[in-house]
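Welcome, and thank you for taking a look at this structure. Please open the sequence and the 3D view side by side, and we will walk through them together.

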Amino acid sequence: MDRGRKLEEAEHHMRKANKLWAPSIFELRLKPDWEGAAPLYEKAALAYKQAGDLEKSRAAYERAAMSQEKIGSTWHAAKHLETASQISKDLGDWAQVAEFARQAASAFAQAGRPTAGADALSRGAKQLEEASPSDAHALYSEALDMYEVDGKEGQASDVFRQAAACLVRNGKFSDAAALLMRFGQACESVNARSSQCKAYLGAVVALLYAGDAREAWQARVVFQDALAVDAFSGSEEAFAADALFLAYAGGAADAVRGVVQSKAPFRQLDTALGRLAAKLPVGDFEPQARAAKDLVGGGDGGGGGGAGPCGGGSDDELM
Amino acid sequence: MSLYDLQQRTEIILKKYAKYDAPLQKQREGKSDDPFMDEYDALDAQVEALIKAKQQLLTEGIEGLQKKLKKGKGVTKVLVEERQRRVKALIDKIYAVPDGMGGARRPMKIGGKLGAGGSPGGAVVLSTSGPSGLETNPLYYKGSEETQRFEQEWEHSKRRQDAQLERMERGVGTLADMARSMQEELDRQSPVVEDIDRQLNRVTSKLKSNNAKLRGLVLQMRSRRNFCIDIILVCVVLGIIAYIVSMVQKRKGQ
């Protein structure tokens, strides 16, 4: 009964609002009355949602958003669009989730709140993680771009972490590593050393987990790039990564497991990456060990070796 | 009085007061009456005597020998050289004698002579040779049961403590990590909170000013309205009075 009443109420509001939208001669209205329609649409949408009719609720939210936009309150419009996006998720309409999320983000940006827009995108991406990971990843990238444009990527740590976890769960290790390196760079601006070091270590772990020699080589390259950053070189995480490489070069899988279990930084990584670290080494160990040995033995003799974890820059100067 | 008499009389006097005469030895004995010092002094005197004897041997004896080197029947050059060599060996022997045990080993000043007053005496020397050393006492290095048990207990508790310290280290490490994350989070959110604070302050002040304006407006309106109402009432009253006056006039006219 309550549901029936809600439905009636909703229909009633909807009809009124629709009437206000249409220009009429009786009421001497040439242009639609956006201001009057917006709250009515909102009430209708809420009532539909409570009644359980999600399709109509979404449609009502859409119209409410358009009305708000016409009156010029883009922020409210954006909020409505985001609600529409969430309802789409309940409906299982994944394409619409992404679409509404993007519309909400652009509305937020117009309203002068790009960070809120990026938040909306990341929320949409989170909804899409299980259903359509590629879309989720696209949304995450857009969110991170919006943060960067605003200069507030330092505040985007949560989004970075979620995006990295999503990528890792879907097996895209090099993408995840690239994202984590970007995260590390973003942390530089806010002096978030702990997150930065964990991000770099996570990148190394992700690449090593990929399980083939090329990725192991890439991991070493990534590690050396990371060492160029002052905050990382000399940190616990750098030592742990170095020990891990040495264990790989040593050629014993047990040594690798031993290093991961004994060193604290591996336990302090984010859950998804920590699980990866616990499962190391993965795949065909031999070529990885050989690659690591080449890099650790040969490459370190040259310039890379000078930049070891113990403040290698000064060593170079002395030499 | 003759010289002899003087001598005799001085001797008698000396004998009489001999008890007040304190020779060096007796003094030393009085200072620290311990048997160690007695023995030491006795040994010292002996050493001195030996040294004197050695010197005597060296000088007189050897000289005599040297003199007799070239004497004797049928002495050839070879014989003379041999005798010289023998004399040199004798000299060496004489030199070797008092020094006795040379550099490495020390004489055996151990044992019961220490007593209570060891400190003012000479150095306390423990040696593994001698009456209580390794050679005579094969149980020197044997640990007793108690010591073994003590050592085992020590090792066991040391291992236990190490294990617990490692657990603590892990826990403290986790705490440190959480603290660092919390710090980063707070660093991230504090400018946001400050921004909100500033905006709220601005909005509050705007509201206040708006309220004041509204209040002023309302007062103004009320007074204006009152004024209008007053005028209207006055007009109404005048109208009524005019009506009444006209009615009265009409009556009067009739």
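This is a predicted model: local features need pLDDT of at least 70, side-chain atom pairs count only at pLDDT 80 or more; totals for chains, interfaces and linings use all residues.

Let us begin with chain B, which has five helices and zero strands. Of the 254 residues in chain B, buried residues make up 7%.

While you are on chain B, look for a nonpolar patch on its surface. Ile232(B), Val236(B), Ile240(B), Tyr243(B), Ile244(B), Met247(B) and Val248(B) make this patch, which covers about 670 Å². To find one of its members, go to helix α5 of chain B, residues 145-253, where Val236(B) has its place. Val236(B) has a relative accessible area of 44%, so it counts as partly exposed.

Now turn to chain A and a patch of another kind. On the surface, Arg15(A), Lys16(A), Lys19(A) and Lys43(A) gather in a patch of positive charge. Which helix gives the largest share of the positive patch? The answer is helix α1 of chain A, residues 2-21, which contributes three residues. Lys43(A), by contrast, sits in helix α2 of chain A, residues 34-51. With a relative accessible area of 48%, Lys43(A) is partly exposed.

Next come the charged pairs. Side chains of opposite charge can pair when their charged atoms come close. Over all chains, the count comes to 20 salt bridges. One of them joins Lys56(A) and Glu11(A), whose closest N and O atoms are 3.5 Å apart. Lys56(A) belongs to helix α3 of chain A, residues 54-71, while Glu11(A) belongs to helix α1, so this pair ties together parts that lie 45 residues apart in sequence. Both partners are partly exposed: Lys56(A) has 37% relative accessibility, and Glu11(A) has 30%.

Another salt bridge brings together the side chains of Arg123(A) and Glu82(A), with 2.7 Å from N to O. This pair, too, links distant parts of the chain, as Arg123(A) is in helix α6 (residues 114-128) of chain A and Glu82(A) is in helix α4 of chain A, 41 residues apart. Is each partner buried or exposed, or something in between? Arg123(A), at 41% relative accessibility, counts as partly exposed, whereas Glu82(A) is buried, with a relative accessible area of 10%.

Helix α4 of chain A, residues 74-91, also holds Ser85(A). This serine is buried, at a relative accessible area of 5%. From C-alpha to C-alpha, Ser85(A) and Glu99(A) are 7.8 Å apart in space, and they are 14 residues apart in sequence.

Asp254(A) is exposed, with a relative accessible area of 57%, and Arg257(A) is partly exposed at 38%. Elsewhere, salt bridges that share partners join Asp158(A), Arg161(A), Asp270(A), Glu185(B) and Arg188(B) into one network.

What about the cysteines? Over all chains, the count of disulfides comes to zero. Take Cys197(A): the closest cysteine sulfur to its own is in Cys187(A), and at 9.1 Å that is too far for a bond, since a disulfide needs sulfur atoms within 2.5 Å. Cys197(A) counts as buried, at 3% relative accessibility. Cys235(B), in turn, is partly exposed, with a relative accessible area of 46%.

Our last stop is a loop in chain A. Between α9 (173-190) and α10 (193-209) you will find Asn191(A). Most residues other than glycine have a negative phi. The phi of Asn191(A), however, is positive, with a value near 60°. Asn191(A) is also exposed, with a relative accessible area of 64%.

Definitions and conventions: Residues are numbered from 1 along each chain as its sequence is written. Chains are lettered from A and ligands numbered from 1 in the order in which they are written. Side-chain values use heavy atoms; hydrogens and water are left out. Patches are made of residues with over 30% relative accessible area and no salt bridge: like charges are joined within 9 Å, nonpolar side chains (Val, Leu, Ile, Met, Phe, Trp, Tyr) within 5 Å. Accessible areas come from the Shrake-Rupley method with a 1.4 Å probe; for residues, only the protein chains shown count as cover. A salt bridge is a side-chain nitrogen of Lys or Arg within 4 Å of a carboxyl oxygen of Asp or Glu. Lys and Arg count as positive and Asp and Glu as negative; His and the chain ends are not counted. The place of a charge is taken as NZ of Lys, CZ of Arg, CG of Asp or CD of Glu. Helices (H or I, at least four residues) and strands (E, at least two) are DSSP runs, numbered from the N terminus. Buried means under 20% relative accessible area, exposed over 50%, partly exposed in between (1.4 Å probe, protein chains only).
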